[in-house]
Amino acid sequence: MTDQQLYVPRGGAARGPYAVDIDPGRAGWAHCSLRVLDLEPGGSHLFASGYGEWILLPLTGGCTVQVDGEIIELLGRDSVFSGVTDFAYLPRDAHTQIASGAGGRFALAGAKCERRLPARYGPAPEVPVEARGSGNCAREVRNFAAADAFACDRLIAVEVITPGGNWSSYPPHKHDEHVPGEEAELEEIYYFEIEGGGLGYQRVSPSRPGGADVLAEVRSGDAVLVPDGWHGPSVAQPGHPMYYLNVMAGPGEKREWKIRFHPGHRTEGYR
């Protein structure tokens, strides 16, 4: 894919009710997906999981979720910058009704999977929050569906808040080949929101001849696809904190997040 195909501007992957609809066919890969659903006040949406597992994550607002005979109430949040949110796990081969009295924006992070795990609620207080890096590489990582934080079959997903003027996703790292004990093969989607109408920059550089090569100016609603390559840094405009949602999945037998850092960058204090 070209850099233009890997950078998805706001509206560039809209389809039907979704402001963003990136599936394996659109991305040109095999495993992970992202949809972003906008609901008007009083709006509802019927969602079919198909062959994938999904996490419904409020970006703004809350909603009621009906799935597998259960009702899950998500309190949600005012915005991605206001704090951690609760979420719902939606199993494969399920039909889900999503309704919001006040309206809102909701991410559906998905991955093709084999096992059908039960639908369940993810409480906000149980989300591990990590302060990563230091100085102008400090950022907050919300590991709501990290490999060791919440049970899924294939899906891995986290949120990152980068303060204005800081770098994150740094040092550049990759996870595009299977190296036992060192690196897992994972596709990845970055979905961005920038506070106050600002901008940021995302870099993906080749780890192999002809590999992914992107330098994109990103704004709220944009996405970047990472099929392979060294990714990072993600750079936030001063005065404008950057949010991104990372959605990952791959073919490995074990669900794990193992990365290798670019050998040309020092890692002390930044990871």
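How many disulfides does the count come to? The count comes to zero disulfides, a disulfide being a pair of cysteine sulfur atoms within 2.5 Å. The views below come from a predicted model, where local features need pLDDT of at least 70 and side-chain atom pairs count only at pLDDT 80 or more, while totals for chains, interfaces and linings use all residues. Residues are numbered from 1 along each chain as its sequence is written, and side-chain values use heavy atoms, with hydrogens and water left out.

View 1. Cys-152 is in no disulfide. For Cys-152, the nearest cysteine sulfur belongs to Cys-113 and is 9.0 Å away. Cys-152 has a relative accessible area of 6% and is therefore buried; here buried means under 20% relative accessible area, exposed means over 50%, and partly exposed lies in between, using a 1.4 Å probe and protein chains only. Cys-137 is buried too, with a relative accessible area of 4%.

**View 2. Aromatic pairs.** Searching the whole structure turns up eight aromatic pairs. Phe-47 and Trp-54 have ring centres 5.0 Å apart and planes at 85°, so this pair is edge-to-face. For the rule itself, rings of Phe, Tyr and Trp (its six-membered ring) pair if their centres lie within 6.5 Å; planes under 30 degrees apart count as stacked, over 60 as edge-to-face and the rest as tilted. Phe-47 and Trp-54 are both buried. Tyr-190 and Phe-192 give a stacked pair, with 5.9 Å from centre to centre and 20° between the planes. Tyr-190 is buried at 1% relative accessibility, and Phe-192 is buried at 0%.

**View 3. An aromatic cluster, and charges over rings.** One aromatic cluster is made up of Phe-87, Tyr-89, Phe-144 and Phe-150. Over the face of Tyr-89 lies Arg-120, 4.5 Å from the ring centre. A charge sits over a ring if NZ of Lys or CZ of Arg is within 6 Å of the ring centre and within 35 degrees of the ring normal. Elsewhere, Lys-174 lies over the face of Trp-230, at 5.7 Å from the ring centre.

View 4. Look for Ser-169 in the loop between strand 14 (167-168) and strand 15 (173-174). Helices (H or I, at least four residues) and strands (E, at least two) are DSSP runs, numbered from the N terminus. With 6% relative accessibility, Ser-169 counts as buried. The side chains of Ser-169 and Tyr-190 are joined by a polar contact of 2.6 Å. Such a contact is a pair of N or O atoms within 3.5 Å; within protein, one must be able to donate a hydrogen and the other to accept it, and residues adjacent in sequence count only if both atoms are side-chain atoms. Leaving aside neighbours within four places in sequence, Ser-169 touches a set of residues that includes Arg-139, Tyr-190, His-231 and Tyr-244, where contact means heavy atoms within 4.5 Å.

View 5. Two strands pair if DSSP finds at least two bridges between them. Strand 1 pairs with strand 19 (residues 223-226) over two bridges in the antiparallel sense, and Val-8 stands opposite Ala-223 of strand 19.

**View 6. Strand 5 and its partners.** Twelve of the 16 residues of strand 5 (residues 52-67) are buried, leaving this strand mostly covered.
- Strand 9 (residues 104-112) pairs antiparallel with strand 5 over eight bridges, and Ala-107 of strand 9 stands opposite Leu-57.
- Strand 6 (residues 70-77) runs antiparallel to strand 5 and is joined to it by six bridges; Ile-71 in strand 6 is the bridge partner of Gln-66. The hairpin of these two strands has two residues between them, and Asp-68 takes a positive phi near 50° there.
- Strand 8 (residues 95-100) is joined to strand 5 by four bridges, running antiparallel, with Gln-97 of strand 8 opposite Gln-66.
- Strand 7 (residues 87-90) also runs antiparallel to strand 5, with three bridges, and Tyr-89 of strand 7 stands opposite Ile-55.

**View 7. Phe-106 and Val-235.** Phe-106 lies in strand 9 and is buried at 0% relative accessibility. From Phe-106 to Val-235 the separation is 129 residues in sequence and 24 Å in space, C-alpha to C-alpha.
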